[in-house]
Amino acid sequence: MARVRTGVRVVGAVLAAVLGASLAGCSSTGGKRAEERARAAEAGRPAVSTPRWTFAMVTHAGDGDTFWDIVQKGAKEAAAKDNINFVYAHDDQAQQQAQFVQNAIDQKVDGIVVSLAKPEALKDVLAKAAKAGIPVITVNSGSAQSAEYGALTHIGQDEVIAGEAVGTELNERGRKRAVCVLHEQGNVGHEQRCAGAKKTFSGTMENLYVEGTNMPSVQASIQAQLQADPSIDAIVTLGAPFAPTAIKAKDAAGSKAEVDTFDLNASVARDLKSGALGFAVDQQPYLQGYEAIDLLWLYRYNANVLGGGRPVLTGPQIVTADEAAKLEEYIKRGSR
Amino acid sequence: MSTTAPADGLDERLAPTSALRKLLARPELGSVVGAVAVFVFFSIAAPSFLQASSLSTVLYSASTIGIMAAPVALLMIGGEFDLSAGVMVTTSALVSSMFSYQMTANVWVGVGVSLLVTLAIGFFNGFMLTRTKLPSFIITLGTFLMLTGLNLGFTKLITGTVSTKTIADMEGFASARALFASQWNIGSVTLKVTILWWFAIVAVATWILLRTRAGNWIFAVGGGADAARATGVPVVKTRIGLYMGVALCAWISGQHILFSFDVVQSGEGVGNEFLYIIAAVIGGCLMTGGYGSAIGSAVGAFIFGMTSNGIVYAQWNPDWFKFFLGAMLLLATLLNAWVRKRAEASK
């Protein structure tokens, strides 16, 4: 063991040396300091004097999902403004998600926001919420089941309509042969997006499934598809993090295809501005979180319901180079 | 053992063996046959598979698995698993990126800190294993879960979102990218630097395994730790060394991901540990330890690269993608086992 302990000491010494060196080895470009310099402080104070209600949000987001992070941010900011105690839980397993909704009911919350990626699994527990008199708003997915399950309204993007917007946009750009890159096999929303795009696209479109948790493999798969069929002139990715990877794959394969994507992030904004990306379809996740909380508040405060029994659509909004410049700052702070 | 000496009076163990026999005894022979079979299969099934540019894509795909499969193979020969290898790659990329960003430090500082952190995780795995005597399955499963949580928790805590901020505009990025993620265009072919890393790692691993004392230790520890200890093999040191080897390669792999994709998502890497183990097993490593080779892991990674991309080149209905992948891997492994059995029988 003596040798092991010496090893620990050596590692510690080296670590200390590196930490010391890091103070000297500063970067004069980029980094946190640059961000801090650029960012103005924003305060989040309640704008109303209604009682401090508790609203729970339970989604089907997996760990570390960029999209749901923005939804959550929207919800949190609305909660701060509306004097709401906001609680959030998520799990990509429907059974666990239902359990979290049950927990919220047990805590007698004043409102529940829930996403219905697998509606059937949540049917029973939503009936319990209705019985307990807790207002429910569904977000993102489940527009078809929302009213049936007793929700006040649904806020989200219809995936098929979003897909159709992509097909139309591709037509306008004179594309003939497209690939729809799905990074999660078996995700209904992804299938609907590609199916919607296929419906309105006048050229041919194929689906390509990639391993979303393994970026090098995503790149290799897209590269392989482009090499197998050089006539492909459009690649559509379904998530923002996959767009820069598709651009790399396209460059490596020597293809002239245009890369387009669903959702936004900082690199998408950068690539839109530089022209490396054609367009991005935003379903405005911030709005899904913000509106859900705000509408629950409105219902509690004023018995208002929005949508008239129909889903309130938050997208699709097509973002191109022009809008990207304007939105870049908002994307950086994580609200777009 | 036979008591009758051969006619020429030499001990049978010292009798010269033919080159063919030597070849048949190699652990990777089965996987080479499998690789040739997969290669021929896709050459016929997919017209674009044989293009030089396609092969470079396959090689890139194989290299990203192979860089990790080689140390994992060594670890398996030493009789242990590492289920944390997949997320450790992501951890290493996250640490470099976030350290550089938060400290506004030169990118190379983050790269150095990441090396230390990753090696420390490898050391932790090996140290816990030898200290607690728990199975490596449990120890590294614990590390896997902890790292998955830390990756997400720290990223969220520090950056406020689930992916890192871009560090592409920071000092040192260009030179680090040159080392970890550069590429050369030769006509229509793009060769990635990971392929060089891969070959180098396999060469070093093979040298360690076959030409050094440490190599003997690895085989001995995997064959039977108690017997090895009795003959004076430093079992603890060997095991910790093997886990740190995996960590070192996870660091290389992680830096590649960081510098080629610029932004790292905290949820990545989960499940990749199995790909490394699969590549090592196809390459002839036994699940029980004591047998296998580093070159075999490279062939296994190559089979994986051919299969996952060949399916795309063949333009098969993608609904069946995972099924094809699984069937190909199973067939390759069966063929591998069959060839090995024949090889052993012919001895």
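These legends go with a few close-ups of a predicted model.

**View 1. Where chain A meets chain B.** Here 48 residues of chain A are in contact with 57 residues of chain B. Together the two chains bury about 4700 Å² between them, and 54% of that is on carbon and sulfur atoms.

**View 2. Polar links across the interface, with a look at chain A's side.** Between chain A and chain B there are two salt bridges. In one of the salt bridges, Lys156(B) pairs up with Asp69(A), and their closest N and O atoms sit 3.1 Å apart. The two chains also share 10 residue pairs in polar contact. On chain A, the elements giving two or more residues to the side that touches chain B include α1 (2-24), α3 (66-81) and α9 (215-228). The largest share comes from α9(A), with 10 residues. Sorted by class, this side of chain A has 17 nonpolar, 20 polar and 11 charged residues.

**View 3. The disulfide in chain A.** Counting over all chains, there is one disulfide. Its partners are Cys180(A) and Cys194(A), with sulfur atoms 2.0 Å apart. The torsion about their S-S bond is about -80°, so the disulfide is left-handed. Because Cys180(A) lies in strand β6 and Cys194(A) in helix α8, the pair ties together parts that are 14 residues apart in sequence. Cys180(A) counts as buried, at 1% relative accessibility, and Cys194(A) is buried at 1% too.

**View 4. Two cysteines of chain B.** Cys249(B) is in no disulfide. The closest cysteine sulfur to that of Cys285(B) belongs to Cys249(B), and at 14 Å it is too far for a bond. Cys249(B) is buried at 7% relative accessibility, and Cys285(B) is buried at 3%.

Methods:
Residues are numbered from 1 along each chain as its sequence is written. Chains are lettered from A and ligands numbered from 1 in the order in which they are written. This is a predicted model: local features need pLDDT of at least 70, side-chain atom pairs count only at pLDDT 80 or more; totals for chains, interfaces and linings use all residues. Side-chain values use heavy atoms; hydrogens and water are left out. Contact means heavy atoms within 4.5 Å. Buried area is the accessible area (1.4 Å probe) that two parts lose on being put together, summed over both. A salt bridge is a side-chain nitrogen of Lys or Arg within 4 Å of a carboxyl oxygen of Asp or Glu. A polar contact is a pair of N or O atoms within 3.5 Å; within protein, one must be able to donate a hydrogen and the other to accept it, and residues adjacent in sequence count only if both atoms are side-chain atoms. Helices (H or I, at least four residues) and strands (E, at least two) are DSSP runs, numbered from the N terminus. Ala, Val, Leu, Ile, Met, Phe, Trp, Tyr, Cys and Pro count as nonpolar, Asp, Glu, Lys and Arg as charged, and the others, Gly among them, as polar. A disulfide is a pair of cysteine sulfur atoms within 2.5 Å. Buried means under 20% relative accessible area, exposed over 50%, partly exposed in between (1.4 Å probe, protein chains only).
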